[in-house]
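Visitor: I am new to this structure and should like the terms explained as we proceed. May we look at it together?

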Amino acid sequence: MSAGERSFDVPAGAQVCVIGAGLMGIGIAQIAAQAGDPVLLFDQREGAVEDALRKLRQQLAKLVERGRMDAALAQQTLDRIRPAQDLAQAQGSRIVIEAIVEDAAVKRDLLASLEGIVPGDCILASNTSSISITALANDMRHPERLVGMHFFNPVPAMRLVEVVSGLKTDTRVAVAVERLGARWGKTPVHARSTPGFIVNRI
């Protein structure tokens with residue numbers, strides 16, 4: 001499939017894969033699941049996903065108790081997040097969002113692994129807060145499908161998400177991620193891959 005034939009869309013109900021079950025990762029998984037998308041959550045650290053889901057269950061229960069969330073929505077959100085035992089399970093995803101350690105080399109290794117797993121029209125997104133998207137894409141076979149999707153902590157409460165394009169990011173990828181962010185209840189803003197992007201630079 002050539003770049004021109006790819007649609008790069010992320011329709012409602014398409015599988016989302018989040019890699020990294022830390023505060024940012026579980027927050028991204030939560031908002032995607034709340035919006036109705038099935039989420040695959042992976043973390044190479046043993047027990048990290050289960051621990052994150054346990055904490056999320058507790059947080060949602062508190063929201064229900066305070067009348068800030070419907071009990072049915074809380075349960076549906078939890079039911080839509082599925083732990084992944086292996087990175088290979090990301091194969092059926094329309095978008096993979098990495099929220100792992102802020103280390104360029106580690107992120108590049110992950111992206112290289114993902115390119116051998118997911119189909120050619122799957123968007124790869126990085127939640128990096130400051131690492132150059134252009135630099136992360138340098139060794140990729142298809143750098144046009146990499147985009148920054150920088151959320152802010154705590155993800156469920158913070159409305160802003162930066163959509164960061166590297167030099168080779170396909171415009172259709174940035175547009176698809178902008179639409180996805182809006183569907184998840186966020187306010188997307190476009191940024192270029194400059195130091196600090198927009199918010200951290202300010």
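Guide: Let us begin with a definition: helices (H or I, at least four residues) and strands (E, at least two) are DSSP runs, numbered from the N terminus. D9 is placed in the segment before β1 (16–19). Residues are numbered from 1 along each chain as its sequence is written, and side-chain values use heavy atoms, with hydrogens and water left out. This is a predicted model, in which local features need pLDDT of at least 70 and side-chain atom pairs count only at pLDDT 80 or more, while totals for chains, interfaces and linings use all residues.

Visitor: What is the average pLDDT of the chain?

Guide: pLDDT is the predictor's confidence in each residue, from 0 to 100. The chain averages 93, and 93% of the residues score at least 70. Over residues 196–202, however, the pLDDT is below 50; this stretch has 23 contacts in the model beyond near neighbours in sequence. Contact means heavy atoms within 4.5 Å.

Visitor: Why does D9 count as partly exposed?

Guide: Buried means under 20% relative accessible area, exposed over 50%, and partly exposed in between (1.4 Å probe, protein chains only). D9 has 34% relative accessibility, and therefore counts as partly exposed. Leaving out residues up to four places away in sequence, D9 touches R94 and A176.

Visitor: What makes the pairing of D9 and S7 a polar contact?

Guide: A polar contact is a pair of N or O atoms within 3.5 Å; within protein, one must be able to donate a hydrogen and the other to accept it, and residues adjacent in sequence count only if both atoms are side-chain atoms. The side chains of D9 and S7 make such a contact at 2.6 Å. Another, of 2.9 Å, joins the side chains of D37 and W184.

Visitor: Why is D37 called buried?

Guide: D37 has 0% relative accessibility, so it counts as buried. D37 is found in the loop between α1 and β2 (39–42). Its contacts, not counting residues up to four places away in sequence, include P11, R80, L180 and W184.

Visitor: Why does the length of helix α1 agree with expectation?

Guide: The expected span of a helix is 1.5 Å times one less than its number of residues. Helix α1 (residues 23–34) has 12 residues and should span 16 Å; its end C-alpha atoms are 16 Å apart, so the values agree. Of the 12 residues of α1, 10 are buried, among them M24, G27, I28 and I31. V155, in the loop between β6 (146–151) and β7 (160–165), is in contact with M24, G27, I28 and I31, as well as K186, leaving aside neighbours within four places in sequence. V155 counts as buried because its relative accessibility is 2%.

Visitor: What makes a group of residues a nonpolar core?

Guide: The term denotes a set of buried Ala, Val, Leu, Ile, Met, Phe, Trp, Tyr and Cys residues joined through side-chain atoms within 4.5 Å. The largest has 43 residues, and those with the most contacts inside it are I95, I123, M149, F151 and W184. Apart from it lies another core, of 22 residues, including L40, L114, V118 and L124. In soluble globular proteins, nonpolar side chains tend to be buried together.
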